[in-house]
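Here are some notes on the model, jotted down while going through it. Have the structure open as you read.

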Amino acid sequence: MTRLSPVSDTTISHPLYQQDRALINIMLAKPQPDEDALTTAGRLFLRYGGFPGAYDLKSDLSKCLDQWGMTRDELNTQCFKIWNSGWRPGQV
């Protein structure tokens, strides 16, 4: 019988890490968010919320909110309003 060894949190990598890293870097450069940045932040908080790793991404997402002067609840409220307005990703 083969036993699996536990994996350290520092070795767990999300398959979308590189793509999401680039998105977060763009968001960090925005002094004020637009609809795309807000909804992207909202979905990335959901994606990484329970993920055991990607601590730098989680930290930088929180930095985005701090920079924008928002809380998670305010972000969720804004995302809800944006989606209910009929907005969809990629719209100009």
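In what order do the elements of the protein chain run from the N terminus on? They run α-α-α-α.

1. Ground rules. This is a predicted model, where local features need pLDDT of at least 70, side-chain atom pairs count only at pLDDT 80 or more, and totals for chains, interfaces and linings use all residues. Residues are numbered from 1 along each chain as its sequence is written, and side-chain values use heavy atoms, with hydrogens and water left out.

2. The overall picture. The protein chain has four helices and zero strands; these are DSSP runs numbered from the N terminus, with helices being H or I over at least four residues and strands being E over at least two. Of the 92 residues in the protein chain, 32% are buried. Here buried means under 20% relative accessible area, exposed means over 50%, and partly exposed is in between, with a 1.4 Å probe and protein chains only. Take contacts in the protein chain between residues at least 6 apart in sequence: 72% of them join residues at least 24 apart. A contact is heavy atoms within 4.5 Å.

3. The α2/α3 packing. Helix α2 covers residues 35–49 and helix α3 residues 55–68; their axes come within 10 Å and cross at roughly 145°. Those axes are lines fitted to C-alpha atoms, for helices over the stretch in contact, and the angles run from 0 to 180 degrees between N-to-C directions. The crossing of α2 and α3 is left-handed, that is, the near helix is turned anticlockwise from the far one by less than a right angle (clockwise would be right-handed). On the α2 side the contact uses A37, L38, A41, L44, F45, Y48 and G49, while α3 brings L57, K58, L61, S62, L65 and W68. By type, the residues of this contact of α2 with α3 come out as ten nonpolar, two polar and one charged.

4. Aromatic pairs. There are two in the structure. The test is ring centres within 6.5 Å for Phe, Tyr and Trp (its six-membered ring), with planes under 30 degrees apart called stacked, over 60 edge-to-face and the rest tilted. Y48 and F51 have ring centres 6.0 Å apart and planes at 85°, so this pair is edge-to-face. Y48 is buried at a relative accessible area of 1%, and F51 is buried too, at 15%. For W83 and W87 the ring centres are 5.7 Å apart and the planes at 80°, so that pair is edge-to-face as well. W83 is partly exposed at 36%, whereas W87 is buried at 11%.

5. R21 and its partners. Which residues does R21 touch, not counting those up to four places away in sequence? They are L28, D56, L57 and D60. R21 is found in helix α1 (residues 17–28) and is buried, with a relative accessible area of 14%. The whole structure has five salt bridges, each a side-chain nitrogen of Lys or Arg within 4 Å of a carboxyl oxygen of Asp or Glu. R21 makes one with D56, with the closest N and O atoms 3.1 Å apart; this pair ties helix α1 to helix α3 across 35 residues. D56 is partly exposed at 32% relative accessibility. R21 also meets D60 in a salt bridge, 2.5 Å from N to O, and here the two residues are 39 apart, D60 being in helix α3 and R21 in helix α1. D60 is buried at 12%.

6. Another salt bridge. K30 and D34 meet through their side chains at 3.3 Å, N to O. D34 is partly exposed at 31% relative accessibility, and K30 is partly exposed at 23%.

7. One to check by eye: F80. F80 is found in helix α4 (residues 72–84). Is F80 buried or exposed? F80 is exposed, with a relative accessible area of 57%. The C-alpha atoms of F80 and T39 are separated by 8.9 Å, with the two residues 41 apart along the chain.

Key. Ala, Val, Leu, Ile, Met, Phe, Trp, Tyr, Cys and Pro count as nonpolar, Asp, Glu, Lys and Arg as charged, and the others, Gly among them, as polar.
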